[in-house]
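Visitor: I have a model open and would like to learn how to read it. Could you take me through it one feature at a time?

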Amino acid sequence: MKITVASGKGGTGKTTVATNLALALADDHPVQFLDCDVEEPNAHIFLKPQIGQRKSVEKLLPKVDEHLCTRCGNCAEACEFNAIAVIGKKVLVYNDLCHGCGLCKLVCPVGAISEIPHELGVIESGTARGFPFSHGLLNIGEAMATPLIHELKAGIDPEALIILDAPPGTGCPTIAAIQGADLALLVTEPTPFGLHDLRAAVGVARSLGVPIGVIINRDGIGDDRVERYCEEEGIPIVLKIPFDREIAQFYSRGVSLVDVLPEWRERFISLYGMLTAGLVSDIPGERRAQNAPLQEGGGK
Ligand code: SF4
Ligand code: SF4
């Protein structure tokens, strides 16, 4: 089973949920944790992994031989991303826009384009509290996060219970993290901003056909609009984490709730029981039968 913990915006407590869920379940389940928030990974602060492997993730950038190039413009015409342009006697490559697809090289009639590897970031892997842990680290200044997320997901153990901490937002990196999951746990706050971002996150998960459960963090700080929205949409609220000074203090010190407040270990274990019992919504507007278990590999 693959569970992606996501949110429409940063700072909602997504990593708190993902890490505590992993820690609570790891004693009885073969957990594997992937921190896909490659621009700002912070699950390691709570899980404190021993990193044993480091792997570079690269894309191939086109390099034009100006002596061979005839300035025919085929490459610029073919590129869907406007990442290569013929300007006067020069062919310019815009590294940030280039997806490294190699099409320009294929269409060049004179073989003027070669490819050079360019590092986007690294994947670090190791063990955290006895279970496999990996996170991606996007290099500073790089705009393309999804290749790192795809690389992280390429390391998924099909036998494991996968917990992915998604990047915040609803852009391509978040989509890459949710795609193929059996369940998206969407973490939000009971505020108008929380509701706005939750709506967007629900739209993404539903467009990918991934069942949804909502977790309200800092419950008590706002109003009931998130709850009313979930009710109207038939989306179950599977957990509420209260707005609590003690919880906030533990978080700020990098301490996991399940390590210091045993009742939270039980709550996260119960949450998983609820999820596997099928108490989550299906794709748009439909709900799974209360006792129907989630199908293995569903939502792909
Ligand atoms: S590799 Fe692909 S994305 Fe990059 S410039 Fe060539 S055609 Fe465009
Ligand atoms: S397709 Fe090749 S020859 Fe034509 S402009 Fe691009 S690099 Fe130059």
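Visitor: What share of the contacts in the protein chain with a separation of 6 or more comes from residues 24 or more positions apart?

Guide: A contact here is a pair of residues whose C-beta atoms, placed from the backbone, lie within 7 Å. In the protein chain, 73% of the contacts with a separation of 6 or more join residues 24 or more positions apart. Please keep in mind that this is a predicted model, where local features need pLDDT of at least 70, side-chain atom pairs count only at pLDDT 80 or more, and totals for chains, interfaces and linings use all residues. Residues are numbered from 1 along each chain as its sequence is written, while chains are lettered from A and ligands numbered from 1 in the order in which they are written.

Visitor: How many helices and strands does the protein chain have, and how is it divided into domains?

Guide: Helices (H or I, at least four residues) and strands (E, at least two) are DSSP runs, numbered from the N terminus. The protein chain has 11 helices and 11 strands, and its C-alpha atoms fill a box of roughly 70 × 45 × 35 Å along the principal axes. Domain bounds come from an automatic or database domain assignment. Here they give domain 1 (2-48 + 129-276) and domain 2 (59-119), with C-alpha centres 39 Å apart.

Visitor: What percentage of the 300 residues counts as buried?

Guide: The test is a neighbour count: a residue is buried if 20 or more other C-beta atoms lie within 10 Å of its own, exposed if 12 or fewer, and partly exposed in between. By that count, 41% of the 300 residues are buried.

Visitor: Which residues of the largest nonpolar core touch the most other members?

Guide: In soluble globular proteins, nonpolar side chains tend to be buried together. A nonpolar core is a set of buried Ala, Val, Leu, Ile, Met, Phe, Trp, Tyr and Cys residues joined through C-beta atoms within 7 Å. The largest one has 67 residues, of which Val5, Ala22, Phe33, Ile163, Ala184 and Leu186 touch the most other members. Helix H1 (residues 14-25) gives the most to this core, with seven residues. Apart from it lies another core of 11 residues, including Val64, Cys75, Cys79 and Ile113.

Visitor: What does Ile163 touch, leaving out residues up to four places away in sequence?

Guide: Its partners are Ile3, Val5, Ala18, Leu21, Ala22, Val31 and Phe33.

Visitor: How do strands S9 and S10 run, parallel or antiparallel?

Guide: Two strands pair if DSSP finds at least two bridges between them. Strand S9 (residues 183-188) and S10 are parallel and joined by five bridges; in one of these, Ala184 has Ile212 of S10 as its partner. Strand S10 (residues 212-219) is mostly covered, with seven of its eight residues buried.

Visitor: Is Gly136 buried or exposed?

Guide: Gly136, in strand S7, counts as buried because 27 other C-beta atoms lie within 10 Å. Beyond its neighbours within four places in sequence, Gly136 contacts Cys36, Val38, Pro41, Gly121, Ile123, Leu148, Ile149 and Leu152. Leu148, Ile149 and Leu152 are among the buried residues of helix H5 (residues 146-154). The buried residues of H5 pack against several elements, including strand S7 (131-138) and helix H6 (172-178).

Visitor: What should I look for in phi?

Guide: Most residues other than glycine have a negative phi, and most peptide bonds are trans. Lys48 has a positive phi of about 45° and sits in the loop between helix H2 (43-47) and S3; Lys48 is exposed because it has 12 C-beta neighbours inside 10 Å. Arg218, in strand S10, has a positive phi near 55° and counts as buried, with 20 C-beta neighbours inside 10 Å.

Visitor: Which residues come nearest to each ligand?

Guide: A residue is near a molecule if its C-beta atom, placed from the backbone, lies within 6 Å of it. Around ligand 1 there are 14 residues, the closest being Cys79, Ala83, Cys98, Cys101 and Cys104. Ligand 2 also has 14 residues around it, and Cys69, Cys72, Asn74, Cys75 and Cys108 come nearest.

Visitor: How do the shells divide by class?

Guide: Ala, Val, Leu, Ile, Met, Phe, Trp, Tyr, Cys and Pro count as nonpolar, Asp, Glu, Lys and Arg as charged, and the others, Gly among them, as polar. The shell of ligand 1 has 11 nonpolar, three polar and no charged residues. For ligand 2 the shell has 10 nonpolar, three polar and one charged residues.

Terms used. Two residues are in contact if their C-beta atoms, placed from the backbone, lie within 7 Å.
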